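User: Please take a close look at a single part of this model, the place where its aromatic rings pair. Then connect that part to the rest of the chain, giving the cut-offs behind each term as you go.

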Amino acid sequence: MTKVLGFSQGITDFGPADFAREVKIHLRPGGAVAHHGMAVHRANPNISPTRNRRAFAMGLMGVSCKVDEAAYAAHKREVALQHQKFAITSA
């Protein structure tokens with residue numbers, strides 16, 4: 001596990017009104033959920049002292065999808081800064 005922020009973790013203005021509109025989805029072991037890539041999503045911390053939480057993420061894009069070069073460059077800079085902050089090295 002790393003402390004690098006990704007996906008919805010960088011949202012800083014999520015407040016009480018947003019929490020009130022949440023839709024909870026409870027998964028059983030081995031369960032799965034699919035959602036739109038722009039959907040804000042989160043999970044409470046895993047507090048089990050004996051079990052890990054594993055996840056798999058997959059992104060699908062249509063052939064018409066275009067890369068926003070400025071946003072991608074900004075994302076890469078932010079990840080690099082977070083890696084430096086948390087002293088994460090690449091393998």
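Analyst: Rings of Phe, Tyr and Trp (for Trp, its six-membered ring) count as a pair if their centres lie within 6.5 Å, and the pair is stacked with planes under 30 degrees apart, edge-to-face over 60 and tilted for the rest. By that rule the structure holds 1 aromatic pair. Phe-14 and Phe-19 form this pair, edge-to-face, with 4.8 Å from centre to centre and 85° between the planes.

The model is predicted, so that local features need pLDDT of at least 70 and side-chain atom pairs count only at pLDDT 80 or more, while totals for chains, interfaces and linings use all residues. Residues are numbered from 1 along each chain as its sequence is written, and side-chain values use heavy atoms, with hydrogens and water left out.

Phe-14 is partly exposed at 29% relative accessible area (buried means under 20%, exposed over 50%, partly exposed in between, with a 1.4 Å probe and protein chains only). Phe-19 also counts as partly exposed, because its relative accessibility is 40%.

Arg-21 forms a salt bridge with Asp-18, their closest N and O atoms being 2.8 Å apart, where the term requires a side-chain nitrogen of Lys or Arg within 4 Å of a carboxyl oxygen of Asp or Glu. Of its two partners, Arg-21 is exposed at 59% relative accessible area, whereas Asp-18 is partly exposed at 23%. A search of the whole structure finds 1 salt bridge. Side chains of opposite charge can pair when their charged atoms come close.

Turning to the chain as a whole, there are 2 helices and 0 strands, taken as DSSP runs numbered from the N terminus (H or I of at least four residues for helices, E of at least two for strands). Ile-25 sits in the loop between helix 1 (16-20) and helix 2 (69-85), and at 57% relative accessibility it counts as exposed. Together with Val-23, Leu-27 and Val-33, Ile-25 makes a nonpolar surface patch of about 410 Å²; a patch is built from residues with over 30% relative accessible area and no salt bridge, like charges being joined within 9 Å and nonpolar side chains (Val, Leu, Ile, Met, Phe, Trp, Tyr) within 5 Å.

The loop between helix 1 and helix 2 also contains Ser-48, which is partly exposed at 29% relative accessible area. The side chain of Ser-48 reaches the backbone nitrogen of Arg-51 at 2.9 Å, a polar contact in the sense of N or O atoms within 3.5 Å, where within protein one must be able to donate a hydrogen and the other to accept it, and residues adjacent in sequence count only if both atoms are side-chain atoms.

In helix 2, the 17 residues should span 24 Å at 1.5 Å a residue, and the end C-alpha atoms are 24 Å apart, which agrees; the expected span is 1.5 Å times one less than the number of residues. At the start of helix 2, a side-chain oxygen of Asp-68 reaches to within 3.3 Å of the backbone nitrogen of Ala-70, and just after the helix Ala-87 takes a positive phi of about 55°. Gln-82 lies in helix 2 and is buried at 8% relative accessible area, while its side chain is joined to that of Glu-78 by a polar contact of 2.8 Å. Across the chain, buried residues make up 4% of the 91 residues.

Methods
Areas by Shrake-Rupley, 256 points an atom, 1.4 Å probe, with all protein chains shown as cover.
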